[in-house]
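Q: I am new to this structure and would like to learn how to read its features one at a time. Could we begin with the terms and then turn to the cases?

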Amino acid sequence: MGTETEGEIDLDYGVDDKPPWLKSILLGLQHVAVMIVPATAVAYIVAGAVGLEAADTAYLVQMVLLFSGIATIVQTYTVGPVGSKLPIVMGTSFTFVGAASSIGASSGLAAVFGAILVTGFVVEGLVGWQFKRIRPFFPPLVTGLVVVIIGLYLIPVGMDYAAGGVGAADYGSLTNLGLASLVLSIAVALNMFTSGVTRLLSVLVGIVVGYGVAVALGVVDFGPIADAAWFAVPRPGEFGFAFEPVPIVTFAFLFLVSAMETVGDMSGITAAEGRNPTHEEFRGGLFTDGLLSSIGSAFAAFPITSFSQNVGIVNFTGVMSRHVVGIGGVLLAVLGLVPKVGAAVTTIPSAVFGGAVLLMVGMVAASGTRLIFLHTDLNRRNMVIMAVSLGLGLGVATRPEALGGLPSAAETFFGQPVILTALSALVLNTFVPGDQSPLFDADPDETPAESMGILSSDD
């Protein structure tokens, strides 16, 4: 197995490095450009399912941007125990779209935001608080598989965007595929065959060129800019709160998924340094997920979690600076307060964005693969665990209807590719003897309780 810091990639900037201001702003903008469309898409999808007016939809979008920015700043710089000091971009995940849409349509947004308010910090706060005790159950084999499945199950999302977006009249058109291919080709060519700032900003350059071509082709709609206001004020309790058992249980399950995704994303980030996150990093990162989700729900923001495609940017560009991501957080917060600017950014066509997303999610899967290979012997035991976990995860990702016979709560829970992969890897790795099992790979100098994470040598 690899050493704790073996296999790090060549980094142009480490986690605490500060690139020059202009370069930092451009690099931060690159992070924002990659995540802003899917983050705001969650608000649009839920608003459409619930049947909201345009003004209410715009407000949901602004709150998503504002609290994504605030959470990103907290994640990179910390407030007390909250935050990891890692370059993690925060935003609203597609994990919550289905539940928020169905519950919002049947019980109203008050039930959605009430459930988020209760379960956000309760679930992820508890996981983060006790993570030191449960960390032995999440060795590189388990966290690496979570990172891999995050990347793999997002590939169809990237393909949908590259084709023009689900439900688009021109889905799969040559124009959309051409724009996506242009962005992807430029980003890869600049990253592989150039150096310096052009390599570091390869994704942003690809998006800018693709956007320019889209404007020239007349496929960009500037209408949302004229309709947007210049300033938005957060309003607590905009849609009210209702505390109903089924929505609360459903969102509690989904926050477990979010916690596992964050663990995987943090592992994908630190894989650039050839290591796993520390206990303090895990705890602070999970606290940020839960606390900011609960606070944001008070202002009608959907749950905030780590964004996987931005993990891909870190590994793709070799820029791990948390200060760059912090600038990206400031930009997101500004976009949340200035709807007209945010509307301008969201005019990026789905196909342009899709070319970048395909590259980023592929890099996420690749970074998870590297994390496994560096720290795991590929013997029969570990190969079987990988086969079962990825097979089940990709199985429900590609054929979710296969679980249609389960009770609705179980279908929601086990229908999440990340949670099914993580649970499979966790159970098998724990109970099958091997060098990464917390039950069978005890340090001879530790007590059994210490080896399982129940006690530490410092207690």
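A: Let us start with exposure: a residue is called buried under 20% relative accessible area, exposed over 50%, and partly exposed in between, with a 1.4 Å probe and protein chains only. By that rule D16, with a relative accessible area of 48%, is partly exposed. The model is predicted, so local features need pLDDT of at least 70 and side-chain atom pairs count only at pLDDT 80 or more, while totals for chains, interfaces and linings use all residues. Residues are numbered from 1 along each chain as its sequence is written, and side-chain values use heavy atoms, with hydrogens and water left out.

Q: What is the mean pLDDT of the chain, and where does pLDDT stay under 50?

A: pLDDT is the predictor's confidence in each residue, from 0 to 100. For this chain the mean is 83, and 91% of the residues reach 70 or more.

Q: With which residue does D16 form a salt bridge?

A: Side chains of opposite charge can pair when their charged atoms come close. The rule used here asks for a side-chain nitrogen of Lys or Arg within 4 Å of a carboxyl oxygen of Asp or Glu, and the count comes to 4 salt bridges. In one of them D16 pairs with R322, the closest N and O atoms being 2.8 Å apart. D16 lies in the segment before helix 1 (21-50) and R322 in helix 14 (residues 322-337), so the pair ties together parts that are 306 residues apart in sequence. Helices here are DSSP runs of H or I with at least four residues, numbered from the N terminus. R322, at 11% relative accessibility, counts as buried.

Q: Which residues are linked in a network of salt bridges?

A: The network links E273, R275 and E281. E273 and R275 form a salt bridge whose closest N and O atoms are 2.7 Å apart, and both of these residues are buried. E281 lies in helix 12 (residues 279-297) and, at 12% relative accessibility, counts as buried too.

Q: Which residues does E281 touch, not counting those up to four places away in sequence?

A: Contact means heavy atoms within 4.5 Å. Leaving out residues up to four places away in sequence, E281 touches S84, L86, M266, T270 and R275.

Definitions and conventions: Helices (H or I, at least four residues) and strands (E, at least two) are DSSP runs, numbered from the N terminus.
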